[in-house]
Amino acid sequence: MKNPRIFLLSPAFCGGKRGQMVMRDAASFPLARQLRTAEGAPLGEVFSFLSGLYFRGKMAYVNAFSRPPEGLPGALVITPTRGLVPPESHITLALLREWAEEGDVALTNPRYRKPLEEHARAVDEVAGPETCYVLLGSIASDKYVDVLTRILGERLLFPTDFVGRGDMSRGGLMLRAAKDGPELEYAPVLGAVRKGKRPPRLEPRRWKDRT
C-alpha cells in the first residue's frame with residue numbers, strides 16, 4: 001500500500017479584480033450572496049472564482065488523486081492569515097476582506113508565517129511520519145517552501161512537471177491529469193531544481209468555467 005499523502009494548495013490572490021468584484025457592495029451573483037451569509041461560502045469555491053483555471057485545476061486534481069491518512073482531509077489550503085484550512089471549510093466576506101487587505105503572503109509577515117508553522121506541525125503530528133505532502137503551488141519562491149521544508153523535510157514533494165510553468169499552464173496540466181490521467185510524478189522539494197526553462201505549451205483545450 002502506498003504511503004498516505006495530503007495535498008497543500010497555495011492560495012488565490014484575494015486583492016485582484018475578481019476579489020474586488022465579489023467584495024463590492026453591489027455584487028449580487030450567487031457566490032457573492034453566499035459570502036454575505038452567516039455561514040459563508042466554501043473556501044475552495046471562493047478561491048476557484050478568484051483564481052479561475054489554476055485553482056479549479058488544483059481542486060479537480062485533489063478530487064482525483066487524494067489519499068489522506070484516516071481522519072484527515074485530502075487537501076489543505078495555505079491561507080494568508082489562518083494557516084492551513086480544508087477547502088470545504090466556509091469563509092465569510094469579512095475574512096476574505098481581511099486576506100485582501102492584510103494578508104501579505106511573505107516570510108516577513110508573522111500573521112502569515114506563524115499560523116502556517118503551527119498548523120503544519122499540528123497536522124504532521126497527527127498524520128504521522130509515513131505521510132507525505134504534495135505542494136500544488138509555486139516552488140520557485142521561498143514563501144511556501146521555506147516554512148514547509150523546515151517542518152516536513154524530504155516528505156514535502158512537488159509535481160516535477162510544474163518547473164518552468166506559469167499558473168495557467170499548471171492549472172491546465174492538473175485538469176488534464178484529473179480527467180485523463182495519469183497522476184503527475186513527484187519529487188522532494190529539498191535538493192530539487194526549482195527553476196527551469198519554460199516547457200512547450202499545452203495543446204489548447206476548452207474547459208467549462210464552473211465559477
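Let's start with α4 and α8, two helices that run roughly parallel to each other in this predicted model. Why roughly parallel? Their axes cross at roughly 30°, and angles under 35 degrees count as roughly parallel, so the pair falls in that class. The axes come within 7 Å, and α4 passes α8 in a left-handed crossing.

Now look at who does the touching. On the α4 side you'll find, among others, L53, Y54, Y61, A64 and F65; α8, which spans residues 167-180, brings residues including M168, M174, L175, A177 and A178. Sorted by class, this contact has 11 nonpolar, 3 polar and 4 charged residues.

Stay with α4 for a moment, as there is another partner. Helix α3, residues 43-51, packs against α4 at an angle of about 145°, with the axes 6 Å apart. From α3 come G44, F47, S48 and S51, and they meet L53, Y54, F55, R56 and M59 of α4.

Last stop, F7. Leaving aside residues up to four places away in sequence, F7 touches Y61, V62 and F65, along with others including L76, V134, L136 and Y186. Thanks, everyone!

Technical notes. Residues are numbered from 1 along each chain as its sequence is written. This is a predicted model: local features need pLDDT of at least 70, side-chain atom pairs count only at pLDDT 80 or more; totals for chains, interfaces and linings use all residues. Side-chain values use heavy atoms; hydrogens and water are left out. Contact means heavy atoms within 4.5 Å. Axes are lines fitted to C-alpha atoms, for helices over the stretch in contact, and angles run from 0 to 180 degrees between N-to-C directions. Helices (H or I, at least four residues) and strands (E, at least two) are DSSP runs, numbered from the N terminus. Angles under 35 degrees count as roughly parallel, over 145 as roughly antiparallel, 65 to 115 as roughly perpendicular and the rest as oblique. A crossing is left-handed if the near helix is turned anticlockwise from the far one by less than a right angle, and right-handed if clockwise. Ala, Val, Leu, Ile, Met, Phe, Trp, Tyr, Cys and Pro count as nonpolar, Asp, Glu, Lys and Arg as charged, and the others, Gly among them, as polar.
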